[in-house]
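Biologist: I have a structure open and would like to learn how to read it. Could we go through it feature by feature?

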Amino acid sequence: MRPKSLELAQQLLGFNTINPPGNETDCMQFFAAWLAAHGFDVSLSHFGEGRTNLIAQLPGRAAGKPLAFTGHLDTVPLGNQPWQQDPFGSDIVGDRLYGRGASDMKAAIAAFALACVQHHALITAGRGVVLMITGGEETGCDGAQAMIAAGKLPDVGALIVGEPTANYPVIGHKGALWLRCETRGKTAHGAMPELGINAIYLAADALGKIRHFSPGAPHPLMKQPTLNVGRIEGGLNINSVPDRTAFDVDIRSAPNLQHATIRQQLSALLGEEVTLTTLVDLPAVLSSEANQWIQSVYQHCQPLFDQPLEAKVVPYFTDASLLLPALGNPPCIILGPGEPTMAHQTDEYCLLSRLAEAEALYAQLIEDYQE
């Protein structure tokens, strides 16, 4: 028996929401109409051309704060490798639903939306639910930032982030600090390099230092912070001394590390010849395992796994980095049917069996929260 949310998942996958540029508006408007038709109060907000966020609510009549779900509808590009399946065709082969965004994370959005619809009466008699659906997550949580800036966030009691975890409950994730490091030199003719200052050489010196830089001490759960230089560009033509070079650094941190301190230490190491610009600054997320609601989530997830559940975190960032502080830091769990190893991969897929599990799991969490 196929998951009841499959049709909605396929419809969402049919929209090209690759970011950049994003173009989430058409997909978001379709989803908004679907939610409104199923009784949600829906509000759309735009944060650029073709860029849209959505907040949908099923208000409850009981006292207490609603349960919140969040997810993003933008996806990463297809990559350079050819796809064997249509990335927007939502093809099904065996137990696999293919498509860009299947695991990360349109299937999860379909699953929790359907679970809410199926429990409409229970939700409205209880404390209610809120869906916060963003664009622009993949490029540094731009949509979440715009949603917070709009100042219309609801007051919520707990947050479920539907990112890919293969339905394993995850209590946190690393932070992300993206920096652009720029060197400036002096241009000259390539045949007379002694008259110039080569910005590529300056960058090479900086890269030699940064390769052995440690962002800080390890965290008991998140282990060692990481640093990766992911991009470099410099020079305009082969027969000139380049006067500018820039390289981008991706640092993944933990709650025991302050981004301002990391940036300051790196700046001191590289010296005055390197200018640092912050591109993305997202704090780490970590909820307490001892929280009563977190423990109830564990209890509902445990039957899906043979071994006792352990505290787990993921290395990727989510919109929770920005949403949680803005919401007053309610307990948060990252929980979705997608395969973590399939995120951003060629021929991305989500298992239909995981999708069915997620439907049932989200339904149980809704029932438990409302009752």
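**Reading the sheet and the helices**

Modeller: Start with an open sheet of 3 strands, in the order β4-β5-β16, with antiparallel pairing. Its edge strands are β4 (92–93) and β16 (349–351), each of which pairs on one side only. This is a predicted model, in which local features need pLDDT of at least 70 and side-chain atom pairs count only at pLDDT 80 or more, while totals for chains, interfaces and linings use all residues. Residues are numbered from 1 along each chain as its sequence is written, and side-chain values use heavy atoms, with hydrogens and water left out.

Biologist: What counts as a strand or a helix, and when do two strands pair?

Modeller: Helices (H or I, at least four residues) and strands (E, at least two) are DSSP runs, numbered from the N terminus. Two strands pair if DSSP finds at least two bridges between them. Here, β4 and β5 (residues 96–98) are antiparallel and share 2 bridges. Within that pairing, I92 is opposite L97 of β5.

Biologist: Which helices lie across β5 and β16, and at what angle to β16 do they run?

Modeller: Helix α3 (residues 102–118) lies across β5 and β16, at about 50° to β16. Helix α10 (residues 352–370) lies across β4, β5 and β16, at about 60° to β16. Axes are lines fitted to C-alpha atoms, for helices over the stretch in contact, and angles run from 0 to 180 degrees between N-to-C directions. Contact means heavy atoms within 4.5 Å.

Biologist: How do I describe two packed helices?

Modeller: Two packed helices are described by the angle between their axes and the distance between the axes. Take α1 (residues 6–13) and α3: they pack at about 135°, and their axes are 8 Å apart. That angle makes α1 oblique to α3. Angles under 35 degrees count as roughly parallel, over 145 as roughly antiparallel, 65 to 115 as roughly perpendicular and the rest as oblique. The α1 and α3 crossing is right-handed; a crossing is left-handed if the near helix is turned anticlockwise from the far one by less than a right angle, and right-handed if clockwise.

Biologist: Which residues of α1 and α3 meet?

Modeller: From α1 come L8, A9, L12 and L13, and from α3 come A102, K106, A107, I109, A110 and A113. By class, this contact of α1 with α3 has 9 nonpolar, no polar and 1 charged residues. Ala, Val, Leu, Ile, Met, Phe, Trp, Tyr, Cys and Pro count as nonpolar, Asp, Glu, Lys and Arg as charged, and the others, Gly among them, as polar.

Biologist: How do α2 and α3 cross?

Modeller: The axes of α2 (residues 25–37) and α3 come within 11 Å and cross at roughly 15°. That makes α2 roughly parallel to α3. The crossing of α2 and α3 is right-handed. F31, W34 and L35 of α2 make the contact with I109, A113, L114 and V117 of α3. By class, the contact of α2 with α3 has 7 nonpolar residues, with no polar and no charged ones.

Biologist: Is strand β11 buried or exposed?

Modeller: Buried means under 20% relative accessible area, exposed over 50%, partly exposed in between (1.4 Å probe, protein chains only). In β11 (residues 244–253), 8 of the 10 residues are buried, so the strand is largely enclosed by the rest of the structure. β11 pairs antiparallel with β9 (residues 175–184) over 10 bridges, and with β10 (residues 226–234), also antiparallel, over 8 bridges. R184 is opposite R244 of β11, and I232 is opposite F247 of β11.

Biologist: What about D250?

Modeller: D250 lies in β11 and is partly exposed, with a relative accessible area of 21%. Leaving aside neighbours within four places in sequence, D250 contacts L177, W178, T226, L227 and N228. D250 and R180 are 70 residues apart in sequence, but 9.1 Å apart in space, C-alpha to C-alpha.

Biologist: How should I read backbone angles?

Modeller: Most residues other than glycine have a negative phi, and most peptide bonds are trans. N23 is not a glycine, yet has a positive phi of about 50°; N23 sits in the loop between α1 and α2 and is partly exposed at 43% relative accessibility. N167, also other than glycine, has a positive phi near 65° and is buried at 0% relative accessibility.

Biologist: Which residues are joined by cis peptide bonds?

Modeller: P20 and P21 are, with omega about 5°, and P21 is in the loop between α1 and α2. D104 and M105 are also joined by a cis peptide bond, with omega about 0°; M105 is in α3.
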